[in-house]
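Trainee: I am new to this structure. Can we go through it step by step?
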Amino acid sequence: MEKKKIILTGDRPTGKLHIGHYVGSLKRRVELQNSGLYDKTFVFIADAQALTDNIDNPEKVRQNVIEVALDYLACGLDPMKSTIFIQSQIPELCELTFYYMDLVTVSRLQRNPTVKTEIQMRNFEASIPVGFFTYPISQAADITAFRATTVPVGEDQEPMIEQTREIVRRFNHIYGETLVEPEILLPDNAACLRLPGTDGKAKMSKSLGNCIYLSDTADEVEKKVKSMYTDPTHIKVSDPGKLEGNTVFTYLDAFCRPEHFERYLPDYPSLDELKAHYTRGGLGDMKVKKFLAAIMQEELTPIRERRKEFEKDIPAIYDMLRKGCEAARETAAATLDDVRCAMKINYFDDEALISEQARRFAEK
Ligand code: TRP
């Protein structure tokens, strides 16, 4: 039998999703969902993982579950094609995590570069919550429970997928072929891999206030694009401009397609020509920003409008999520059965075990 191709990915509900999430992962997963190349798509809201570093702020997580669900639907995730669910509602994931913990060492977790950075950012160095420290193991449970073959995520998630692969190999080596080894699917465009904030800082983050959200109004998008970081030495229009670290051009790399020139900037045949003119001098920032703003509005307007529609019936969204959780639980429970069986802790559904032991004790 050919192995099924299964997509799985998720997001922590700690805020509304922004265009960094969109180009880095969301857009791709909608394309994958619609490609017909995959047998199943699972997308989930990682509320339990969000709680590992927000334990004193459950209300934030609770309020953002619906925001993320709305962002998903607005971007085109379709519950008829994808199973959309909430992590904490799948208790099977906890049990898998508990068993996987035996397969991972403390020093291996300490080497995880993403967790290392996150520990620094949160000032956890002196005292790290165990749940936070071990979240890569629970992420391995998220992925393997659904037998995911393909995990479309951003670059920062690479260590988690590697950790998952190690757990799968170790598990299968000890207990026999049971779990599926996943592969990461990174964005193919470098600008999408790590979209900087509007201020030019390496990453979009809510606390830095440098994000463009999928739910931003047209006016907000316009304002944010117009105030974007460019090349601080490009003062007069006639000055030559730099492209490296120039956020407006990084965004163009991520969003601009050839047809945008015909529509919004017909005096230029291509992005290369626009860049060449900017580098030479004689092209003002405002002209480039206006072009970018037009492209962003074209991309974001349909998302914003769909979000507005979905916002009109919140109970229906929860209903969709509840159904998604039920379907997800079924899949996770089947994997857990296989895991229990492989680990020889399935006492009550193993007739052979009981009869063999009965015979052995009778012979004593
Ligand atoms: N760690 C991911 C993030 O911070 C969220 C996540 C949790 C996830 N479990 C996952 C992503 C499993 C992909 C697969 O965004």
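Trainee: Which residues does phenylalanine 255 touch, not counting residues up to four places away in sequence?
Mentor: The model is predicted. Contact here means heavy atoms within 4.5 Å. With residues up to four places away in sequence left out, phenylalanine 255 touches Ile19, Tyr22, Val23, Leu195, His260, Ile295, Met296 and Glu299.

Trainee: How many residues does the largest nonpolar core have?
Mentor: Phe255 is among the residues with the most contacts inside that core, as are Ile19 and Met296. Tyr100, Tyr251, Leu252 and Leu274 are also listed there. The largest nonpolar core has 92 residues.

Trainee: How many residues does the other core have, the one that lies apart from it?
Mentor: Val115, Ile119, Phe124 and Met160 are among its members. The number of residues in this other core is six.

Trainee: Where does the ligand sit, and how much of its area does the protein bury?
Mentor: The ligand sits in the largest pocket. A nitrogen atom of the ligand is 2.9 Å from an N or O atom in the side chain of glutamine 157. Taken alone, the ligand exposes 370 Å², and the share buried by the protein is 91%.

Notes:
Residues numbered from 1 in each chain as written. Predicted model: local features only at pLDDT ≥ 70, side-chain atom pairs only at ≥ 80, totals over all residues. Heavy atoms only, no water. Core = buried A, V, L, I, M, F, W, Y, C linked by side-chain atoms within 4.5 Å. Buried < 20%, exposed > 50% of the residue type's maximum accessible area, 1.4 Å probe, protein only. Polar contact = N/O pair within 3.5 Å; in protein donor to acceptor, adjacent residues only side chain to side chain. Areas by Shrake-Rupley, 256 points an atom, 1.4 Å probe, with all protein chains shown as cover. 1 Å grid on protein atoms, 1.4 Å probe; cavity = no way out; pocket = protein on both sides within 12 Å on 5 of 7 lines; lining within 4 Å. Sits in = over half its atoms within 2 Å of the grid points.
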